[in-house]
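Hi,

Here is the structure I said I would pass on.

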Amino acid sequence: MSDDTPSPRRSRHGDDPSGVPARSGSSVYVDPDRSPHAHRRARRAKGFGSALLLTVAGTVVPGTAFLATGRRRVGAALLALFLLLVAGGVVLATVAQRDVVRLAVDSTALRWIIAGIVVLALGWLAVVVTGYLTVRPRRLRPWQRGVGIGVVAVLCAAVVVPAAWGVQLAVAQRDLVDAVFDDGDSATVTQPVDQADPFGGQDEINILLLGGDGGAGREGVRTDTVIVANVQVATGATTLFSLPRNLEDLPFPASSPLAALYPEGFDAGSESESLLNAVYRNGPAQHPDVLGPTDDAGADFLKLGVGEALGLKIDYYVLVNLDGFSRLVDALGGLRLNVNYYVPVNGDTATGALPDRYIAPGPDQLMGGVEALDFARGRYGLSDYLRMDRQRCVLQAIVDAADPVTLLSRYQELARTTQDIVSSDVPSGVLGDVVDLAFQVKDAGIRSVVFDDTVINPAYPDYDRIRALVQEALRPAQAGGDTTAPAPSTSAAPTPAPTPAPSSTPPAATPPPAGNGGVASQVTDACAYDPVQAAAAVAAGEPPSRSR
């Protein structure tokens, strides 16, 4: 072709007749209105109904609305983030439950969780609103605009309500941790030096569990329930040692200033005020500053004395005041308890005042807070040891009632109640490790040893014998052996008790021998329903009461 041949005619946009864009240097002019990608990026829902469906889908699974309208990068990022959160939730709910509980007892972590829930909720709300604005048709009738706003408002509420509930739970848990485990002064607890080894390499942890019988019409707090939980750190094997409320002459370690004050054991001037259940109140009343700065001198008195009596070092205590116990039971929705004999409600053995009524025998009885407290307290015509058995059964029933659904649905009320009735000197820095230990306890099981009157005479206790029984009961657990089988009891005979004077108080029923004679047995044994015993109690008839 010669140079004089005219070139093909070009369009004013620089395209040749074939439609191929002309090149001018390295740039190419492209009409944005004709770009093959422009329509895909700006695509909206075809109709109002489709826009609403995409908005709902984008709320349930963030990112889907953006993907459906061609906004792939934003949609993919949101969907990936959502799937990551779901996967994390599944992991926490299945294989990382222990980590969840550790976070739940970490006040700092709870604050971050609260902030995270708020940020997540705000981000989710932004996804809902922007998703709707992106997919809705450009032209809407007035009624469609109203319906669209209403649907978006409902979807936003569906995000806000569970987020607000989660924040409330986290705040309640944080307040509970801060209130109960406030790291106050203690005469018997030292903060761990090495946070990586908070138990200091100990093989076992001993926790004193106290049930305080304070409340309206009562002077001070009497700890009618005194139990020591020995937990083996390596295995979680746990043995509960229950001491009777009327134990006398509580000894104190020679290294404690209390040993010089009470060389013959605790003595408050009279027998009734010198019993184990009176130490918490009367010890600090007599010598308020003897142990130095402490937030709970009564608990420190008992930790030192009970530890010396059992031959164990008591690390921490937990006190539950029964004055608020009924509210805790009601918050759980009640307790299921087996009753094998008539249990008195009130009554005074010393004066002969009859009980107001009796709780009749029967299996799996649902008891509200007041009745469960009466069940745990009843003693008229019965022994302290039977009451100790029932108190352990109530504790076990609380554990059984605290299922995840109940805890979640009633948690705020439970947390508020727990703050009012529970105190402890467990340092906040070791709570995570206590959680780890609790998971081991759950797997290893719990045994119980009761120091009843078939083993010791509470008025003249042989503390050397008590310490020997403790070591004998702990031997299988310390050796890592089978802790489900009863430990053999010592062959030494118990100290004979003086013959009591005859009482005119009629028995409440014919209950079984209380306790287990210093032999380790499963906690649930005393709590099972015994149809033969219950039938015999019913056949004997309900004992006299004020109501009949």
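Below is what I found, from the whole chain down to single residues.

A word on the ground rules first. This is a predicted model, so local features need pLDDT of at least 70 and side-chain atom pairs count only at pLDDT 80 or more, while totals for chains, interfaces and linings use all residues. Residues are numbered from 1 along each chain as its sequence is written, and side-chain values use heavy atoms, with hydrogens and water left out.

**The whole chain**

The protein chain has 17 helices and 11 strands. Those are DSSP runs numbered from the N terminus, with helices being H or I of at least four residues and strands E of at least two. Of its 548 residues, 42% count as buried; buried means under 20% relative accessible area, exposed means over 50%, and partly exposed is in between (1.4 Å probe, protein chains only). Take the contacts (heavy atoms within 4.5 Å) between residues at least 6 apart in sequence: 74% of them join residues at least 24 apart.

**Two packed helices**

Next, look at helix H2 (residues 48–60) and helix H6 (residues 107–135). They pack at an angle of about 160 degrees, and their axes are 9 Å apart. That makes H2 roughly antiparallel to H6, the label used for angles over 145 degrees. The axes are lines fitted to C-alpha atoms over the stretch in contact, and angles run from 0 to 180 degrees between N-to-C directions.

Which residues of H2 and H6 meet? From H2 come Phe48, Ala51, Leu52, Leu54, Thr55, Gly58, Thr59 and Val60, and from H6 come Trp124, Val127, Val128, Tyr132 and Val135. This contact of H2 with H6 has 10 nonpolar residues, three polar and no charged. Here Ala, Val, Leu, Ile, Met, Phe, Trp, Tyr, Cys and Pro count as nonpolar, Asp, Glu, Lys and Arg as charged, and the others, Gly among them, as polar.

**Salt bridges**

I count a salt bridge when a side-chain nitrogen of Lys or Arg is within 4 Å of a carboxyl oxygen of Asp or Glu. By that rule there are 15 salt bridges.

One of them pairs Asp224 with Arg387, at 3.4 Å from N to O. Asp224 is in strand E2 (residues 223–232) and Arg387 in helix H13 (residues 384–401), so this pair links distant parts of the chain, 163 residues apart. Are these two buried or exposed? Both Asp224 and Arg387 are buried.

Arg281 and Glu273 form another, with their closest N and O atoms 2.6 Å apart. Arg281 counts as buried at 17% relative accessibility, whereas Glu273 is partly exposed at 22%.

Then there is Arg467 with Glu308, at 3.9 Å from N to O. Arg467 lies in helix H16 (residues 463–478) and Glu308 in helix H10 (residues 297–310), so the pair ties together parts 159 residues apart in sequence. Arg467 is partly exposed at 22%, and Glu308 is partly exposed at 27%.

Val189 is buried, with a relative accessible area of 17%. Beyond its neighbours within four places in sequence, Val189 is in contact with Lys303, Asp315, Tyr316, Asp425 and Pro427. Val189 and Tyr316 are 127 residues apart in sequence, yet 7.2 Å apart in space, C-alpha to C-alpha.

Cheers

Conventions
Angles under 35 degrees count as roughly parallel, over 145 as roughly antiparallel, 65 to 115 as roughly perpendicular and the rest as oblique.
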